[in-house]
Amino acid sequence: MIRFDSVIVGSGFGGAVAACRLAQAGERVLVLERGRRWNERTYPSVTGRNWTFDVDEPERQNGWMDIRWFKDMAVVRGAGVGGGSLIYANVSVAPPPATFERGWPRAIDWNELAPFVDRVGEMLEVATIPEAQRTRRWEFVERGARKLGHSDRFSSLPLAVRFDADYDPRRLDDPQDERHAVTRVNVAGVEQRTCVHLGECDMGCRVKAKNTLDLNYLAIATANGAEIRPLHLVSRVEPSGAGWRVLYDEIGGGTRRSGSVEAKRVVLAAGSLGSTEIMLRSRLAGVSAKLGHGWSANGDFLTPALSEEDADPTVGPTISACIDHTDGAEYGEHIFIQDGGMPNLLRTSVGSWHSRLPKRWQRRIQPLKDWADETEPLDNFMPWFAQGIDASDGRLHLQRRWLGMFGPRRLTLDWDIARSTSTIDAIVRAHSDLAKATDGKPLVSPTWTFFRDLITPHPLGGCNMADDCARGVVDHAGRVFGAQGLCVADGSIVPRAIGRNPSRTIAALTERAVEHWLAD
């Protein structure tokens, strides 16, 4: 029996938007999410536990972050209700208009997508960091741009963070104390507090200043009747009568229990790797031969620099400013430079351990906690981050290990850096120029210098959108060619690298797509 109009697989920037808008339209919506439901009391930054999601044993390890290791490429993904918004660095930047000049369906251009980009910004209540709260890293980016003559390319980034304009860390002896966070109600009627520069954006913001999707889109979805089931790992989909059957395992506590659910519409929103793998395992007749092709790492690259002065990388929002070289005029490639923060794991681990002790023991080891709070082992590191327009020529497919004959078929990535090397080398040059302009020494990772290995938190492609089945897997609204009622809404449908943080583009594409689904 079909109990739902739509089953959505995943709850990130595609799934959360789809759940919200379909539920608001009166549909019976179910969201299946492989990860847990997290909150400010269960984040790894608070408990010191449950850091990893293991795709081989998710019933035993279903924690915060999933890192997939492929040949020459590692991919970082979030796991939980809210998807990638749990671990991303808050950046909600619009794609440049030039993004859509080639490689996209004819129906998608900047003018078409712009209203939906704005809608996402309103829902996530994006804002730039207030002047009084600009971090040392923000100052490094501004100074580097100015010294290199690129001031016209510099700007603060729009962030999905709640700021208090009256908070001024320069005037406080204890600026990171949580008592300075102000409680306010967001657009979904959910209470959050304001940013006090804890520097733990990627690990779970303890004051809920980060506008993760569980606090807005998903909150509105549940208020309109949507059901969210965490720890449900979907394996494949299959046609069933007038709709679709979704097959999954309930995971947790060391066990798996198989189940299925049927719906008129299924929306795959499990991310570039997740949705592509589900499609590959489903082996649906008539699906495009382009399935798995056109994968991109979005040109992500990090270069730390050793500076002569404090950069305070563990303080404040993870990313706050940018230098826009996406026109290719300065470095010959389309690149987008940013600062990049990192958490103080020493302070976090001692703090979480201290908080779980009985009060009498907390008092006894308070000096240790005070020392950890005051110790900043990374003070002189300035992380330079970037995205770029890479070749977008990777391929995801299923393959057995052991000479291709034995064992289960696993998701495999064929990735050849050859056509993307010039993009990464341009980023390295830009990072090196900025490090030197700010009296620092760039420390280019030997994994790139010697092995040409990369890591990305922004995987794109695999179920690329196109004008027809010969060129892509889904149409301009994420509808799978040849499979009526099956849609995809996440980074896997983005047909080429954006060269900027892609979350807002993914959410805007989904906002637009839902309107088309409801009109069908």
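Me: What should I know about the model before I start?
Reply: The model is predicted: local features need pLDDT of at least 70, side-chain atom pairs count only at pLDDT 80 or more, and totals for chains, interfaces and linings use all residues. Residues are numbered from 1 along each chain as its sequence is written, and side-chain values use heavy atoms, with hydrogens and water left out.

Me: Is helix α1 covered or uncovered, and how do I judge that?
Reply: Start with the terms. Helices (H or I, at least four residues) and strands (E, at least two) are DSSP runs, numbered from the N terminus. Buried means under 20% relative accessible area, exposed over 50%, and partly exposed in between (1.4 Å probe, protein chains only). Now the case. Helix α1 (residues 15-24) is mostly covered, with nine of its ten residues buried. Among them are Val17, Cys20, Arg21 and Leu22.

Me: What covers the buried residues of α1?
Reply: The cover includes β1, β2 (29-32), α3 (110-123), α5 (217-223), β11 and α13. Contact here means heavy atoms within 4.5 Å. Just after α1, Gly26 has a positive phi of about 95 degrees.

Me: How does the span of helix α13 agree with its residue count?
Reply: The expected span of a helix is 1.5 Å times one less than its number of residues. Helix α13 (residues 503-519) has 17 residues and should span 24 Å; its end C-alpha atoms are 25 Å apart, which agrees. As for burial, 13 of the 17 residues of α13 are buried, so the helix is largely enclosed by the rest of the structure.

Me: Which residues touch the most other members of the largest nonpolar core?
Reply: The general idea comes first. In soluble globular proteins, nonpolar side chains tend to be buried together. A nonpolar core is a set of buried Ala, Val, Leu, Ile, Met, Phe, Trp, Tyr and Cys residues joined through side-chain atoms within 4.5 Å. The largest one has 131 residues, and Met279, Leu486 and Trp517 touch the most other members. Apart from it lies another core of seven residues, including Tyr43, Val46, Leu86 and Ile87.

Me: What is Leu486 in contact with?
Reply: Leave aside its neighbours within four places in sequence. Leu486 then contacts Val237, Trp244, Val266, Leu268, Met279, Leu284, Gly478, Arg479 and Val480.

Me: How many salt bridges are there?
Reply: A salt bridge is a side-chain nitrogen of Lys or Arg within 4 Å of a carboxyl oxygen of Asp or Glu. The count comes to 44. One of them pairs Lys264 with Asp5, the closest N and O atoms being 3.6 Å apart. Lys264 lies in strand β11 (residues 255-268) and Asp5 in strand β1 (residues 4-9), so the pair ties together parts that are 259 residues apart in sequence. Lys264 is partly exposed at 48%, while Asp5 is buried at 14%.

Me: Where do Arg153 and Asp327 sit?
Reply: They form a salt bridge, with the closest N and O atoms 3.0 Å apart. Arg153 is in the loop between α4 (136-147) and β5 (154-156), and Asp327 in the loop between β14 (321-325) and β15 (335-339), 174 residues apart. Arg153 is buried at 14%; Asp327 is partly exposed at 47%.

Me: Which residues are linked in a network of salt bridges?
Reply: Glu57, Glu59, Arg60, Asp249 and Arg256 are. Take Glu59. Its place is the loop between α2 (44-47) and β3 (65-70). Glu59 counts as buried, at 11% relative accessibility. Leaving aside neighbours within four places in sequence, Glu59 contacts Ile251, Gly252, Gly253, Gly254, Thr255 and Arg256.

Me: What is the strand order in the six-stranded open sheet?
Reply: Two strands pair if DSSP finds at least two bridges between them. The order is β5-β14-β15-β16-β13-β19, with antiparallel pairing. β5 and β19 (440-442) stand at the edges with a single partner strand each, so one side of each is left without a neighbour in the sheet. Three bridges join β13 (residues 301-307) to β19. Leu306 stands opposite Lys441 in β19.

Me: At what angle does α4 run to β16?
Reply: Axes are lines fitted to C-alpha atoms, for helices over the stretch in contact, and angles run from 0 to 180 degrees between N-to-C directions. α4 lies across β5, β13, β14, β15 and β16 (381-388), at about 65 degrees to β16. Helix α11 (residues 421-437) also packs on the sheet, and its direction makes about 150 degrees with that of β16.
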